[in-house]
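My entries follow in the order in which I checked them.

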Amino acid sequence: MLHNIRIILVKTSHTGNIGSTARAMKTMGLTRLYLVNPLVKPDHQATALAAGAADIIKEATLVDTLDHALKGCSLVIGTSARSRTLSWPISEPSECAVRSVSAARQAPVGLVFGCERTGLTNEELQKCHYHVAIPTNPEYSSLNLAMAVQILVYEIHKASLKLQQPLLQPEETTAYPPADDLERFYQHLEQTLVHTGFIRQVHPGQIMNKLRRLFTRARPESEELNILRGILTSIYTQVKSRCRI
């Protein structure tokens, strides 16, 4: 179950944080570390701070984009300490843990952390089903990257222990589409809306961002997403045929 949960670090600038993250993961039973375009690749400092968890770093998956790291994930949760102009479904750390462990029984789950200085971008956060913020002292809310990872993986480990008890097995068996299928749906949706004239390419505005939020909140199941893709194909075909008349 925990093997299906990916800890994804985006554009990490300090290799020591990679090592400390690996240590935090291993103490809580997580092994899948993804590094998205790190500014410096893991080095001796990362190994030193891993303190016995160097195997996590050695087996880490290095990718160029967040989309590659999220491939196959049915649930994606992004960490964010800042309020955003376009609000998104928010999850508490304990809720995030329960959702992650439950979903990981069926498909990979991605828990995404941004770079140390600026965190995740709005575009990166819009690829997530939920955002999670760690409640801290409002007068001093400074958590470094490895600290944030440690808190969340602790909650995940605790939730996994509870869900291993027979009476607390989750009843949910719904199949949700992986992140890459959702991205293809959003591309299909945008192409269709441009083709029908609903979105003007010269002035697209915030329509797609708001539609992403709508479908993220609804969280369509795999079968429902297939229906939506079929509807878009039908619309596109009808508009195309009328244009030929």
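How many cavities of 30 Å³ or more does the structure hold? I found one cavity of 30 Å³ or more, where a cavity is a set of points, on a 1 Å grid over the protein atoms alone, at which a 1.4 Å probe fits but cannot get out. Before going on I noted that this is a predicted model, in which local features need pLDDT of at least 70 and side-chain atom pairs count only at pLDDT 80 or more, while totals for chains, interfaces and linings use all residues. I also noted that residues are numbered from 1 along each chain as its sequence is written, and that side-chain values use heavy atoms, with hydrogens and water left out.

Entry: I read a space of about 60 Å³ for the largest cavity, a volume being the space filled by probe spheres set on grid points that are joined across faces, edges and corners. Its lining residues, those with an atom within 4 Å of a point, include Gln126, Lys127, Cys128, His129, Arg212 and Thr216. The largest share of this lining, four residues, comes from H8. I also looked up where the cavity lies: domain 1 (2-164) and domain 2 (179-243) both give residues to the lining, so the cavity lies between them; the domain bounds come from an automatic or database domain assignment.

**Entry: helix H8.** Helices here are DSSP runs of H or I with at least four residues, and strands are runs of E with at least two, numbered from the N terminus. H8 covers residues 179-196, and its 18 residues reach 26 Å from the first C-alpha to the last, close to the 26 Å expected at 1.5 Å a residue, the expected span being 1.5 Å times one less than the number of residues. Among the buried residues of H8 I listed Ala179, Leu182, Glu183 and Tyr186, buried meaning under 20% relative accessible area with a 1.4 Å probe, protein chains only. Just after H8, glycine 197 takes a positive phi of about 90°.

**Entry: the sheet.** I traced seven strands in an open sheet, ordered S3-S2-S1-S6-S4-S7-S5, with parallel pairing; two strands pair if DSSP finds at least two bridges between them. The edge strands are S3 (61-63) and S5 (90-91), each of which pairs on one side only. Strand S4 (residues 75-79) runs parallel to strand S6 (residues 109-113), and four bridges join them. For valine 76, I found that the bridge partner in S6 is glycine 110.

Methods: Buried means under 20% relative accessible area, exposed over 50%, partly exposed in between (1.4 Å probe, protein chains only). On a 1 Å grid over the protein atoms alone, a cavity is a set of points where a 1.4 Å probe fits but cannot get out, and a pocket is an open set with protein on both sides within 12 Å along at least five of seven lines; lining residues have an atom within 4 Å of a point.
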